[in-house]
Structure formats: C-alpha cells, structure tokens
Amino acid sequence: MAKKVEAKSPEASDQEWMAQALELARAAELAGEVPVGAIVVSPEGVVLGRGYNRTILDVDPSAHAEIVALREAAWKTGNHRLAGCTVIATLEPCAMCAGALVQARVARLVYGADDPKAGAIRSVLGLAAHPRLNHSFAVAAGVRGEECGALLRAFFERRRADAAAEQSPIK
Ligand SMILES: [Zn+2]
C-alpha cells in the first residue's frame, strides 16, 4: 500500500526550499561572490535549477543567482517558459532578474531579504504585478529574511574591514 504523503502547508515548504537557496548563497560566499542563492521548483515540487551569484567567476554582469537557476531549469525542461514554477531566492530580485521571471512566466516568487537599493519587487520597483506588463506572478516576501539578510550584511562588513586593513599603513 502506498504510504500516504502528508500534505505540507505552503509556508512550511517555502521555509524548506529557502534552506536550499541559503546553501547556494553560502557557496557563493565561499567563491568570493556576493552571497545570493536561488532555486527553481516545478509545480510538482521538483528542483529544476540551482544558482548562485557568479558575476565575478563568469565575468558576466547577468550571472545573478536567479538567472543562473532559470537557465538551468529551462535547459533541463527544454522549454524557455517555466509556467507554474516557483523561484526561491535569498534576496529580492533586481530589475534584470524580475524581468527574467516575467519572461519565463513563472507562477510565484519566494524571497528572503528585501533589497532597498535595487529590489524590483517592492523596494525600488514593482515588477511582479506591473499593470503594463503582460505577465504577473505571486510573491511571498521575507521568508527566512533575517538569515538571508544577515549573510549579506556579514559579507559586506567583512569586505569593508578587509578594505580598511589594506589601506592601513601598518601591515
Ligand atoms: Zn538580479
């Protein structure tokens, strides 16, 4: 007899998916990149794409976590449209990535920390449900937002400290 699968609340699975995106953000950090991670999940709950920020590694201004994950998901499914899919990202997507989510026709975005400087979902722009765009997607913001934001803050604090140490005359 098939084991009955216990239905999880969507919030519970959002938290679990975010754990995977956070893992990828940590991988970015180890690679010396700004710690942002993202995954693409199919309507059936299968992870189709994983990405982390790798703009320096790839010498590519478009290599944000979300773009990397979308590319993998599209390649894996053989379809540039990812209808019904959910994207989970540790940081609020920028204008480029939010635009890519519209292009990919994703159904839903889950993200962790707001990006007050470049966020294109609600902080700077509102591209998830823009009345002039031909596609909109649902948004759940602030999922494990504290953890996602803390990772970024620690990264930038360390980077500032390193820069200050480099400028110090005492070596
Ligand atoms: Zn982006």
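Figure 1. The model shown here is predicted. Its secondary structure comes to 4 helices and 5 strands. The C-alpha trace spans about 70 × 45 × 30 Å along the principal axes. A compact globule of 171 residues would have a radius of gyration near 16 Å, and the 17 Å of this protein agrees with that. Of the 171 residues, 36% count as buried.

**Figure 2. The 5 strands form an open sheet.** The order of the strands is β2-β1-β3-β4-β5, and their pairing is mixed. Strands β2 (47-52) and β5 (138-141) are the edges, each pairing on one side only. On average, neighbouring strands of the sheet are turned by 15 degrees against each other, with direction ignored.

**Figure 3. Strands β1 and β2 run antiparallel.** Strand β1 covers residues 37-41 and is joined to β2 by 5 bridges. Within this pair, Gly-37 stands opposite Tyr-52 of β2. Two helices can be followed from here. Helix α4 (residues 145-167) packs on the sheet, where it touches β3 and β4 (108-113). The direction of α4 makes about 55 degrees with that of β4. Helix α2 (residues 65-77) lies across β1, β2 and β3 (86-91), and it runs at about 150 degrees to β2.

**Figure 4. Helix α2 has 13 residues.** From its first C-alpha to its last, α2 reaches 18 Å, close to the 18 Å expected at 1.5 Å a residue. The buried residues in this helix are Ala-65, Glu-66, Ile-67, Val-68, Ala-69, Leu-70 and Ala-73. Just after α2 comes Gly-78, which takes a positive phi of about 70 degrees.

**Figure 5. Helix α3 (residues 95-104) has buried residues that include Cys-97 and Ala-98.** Also buried in α3 are Ala-100, Leu-101 and Ala-104. These residues lie on the same side of α3, because they cover an arc of only 155 degrees around the axis. An α-helix has 3.6 residues a turn, so residues three or four places apart point the same way. The cover over the buried residues of α3 includes α2, β3 and β4. Just after α3, Arg-105 takes a positive phi of about 60 degrees.

**Figure 6. Gln-20 is placed in helix α1 (residues 10-30).** Is Gln-20 buried or partly exposed? Gln-20 counts as partly exposed because it has 16 C-beta neighbours inside 10 Å, whereas a buried residue needs 20 or more. Leaving aside residues up to four places away in sequence, Gln-20 touches Ile-39 and Val-47. Gln-20 and Thr-90 are 70 residues apart in sequence, while in space they are 9.6 Å apart, C-alpha to C-alpha.

Technical notes: Residues are numbered from 1 along each chain as its sequence is written. This is a predicted model: local features need pLDDT of at least 70, side-chain atom pairs count only at pLDDT 80 or more; totals for chains, interfaces and linings use all residues. Two strands pair if DSSP finds at least two bridges between them. Axes are lines fitted to C-alpha atoms, for helices over the stretch in contact, and angles run from 0 to 180 degrees between N-to-C directions. Two residues are in contact if their C-beta atoms, placed from the backbone, lie within 7 Å. The expected span of a helix is 1.5 Å times one less than its number of residues. A residue is buried if 20 or more other C-beta atoms lie within 10 Å of its own, exposed if 12 or fewer, and partly exposed in between; C-beta atoms are placed from the backbone. The radius of gyration is taken over C-alpha atoms; the globule rule is 2.2 Å times the number of residues to the power 0.38. The arc is that of the directions from the helix axis to the C-beta atoms.
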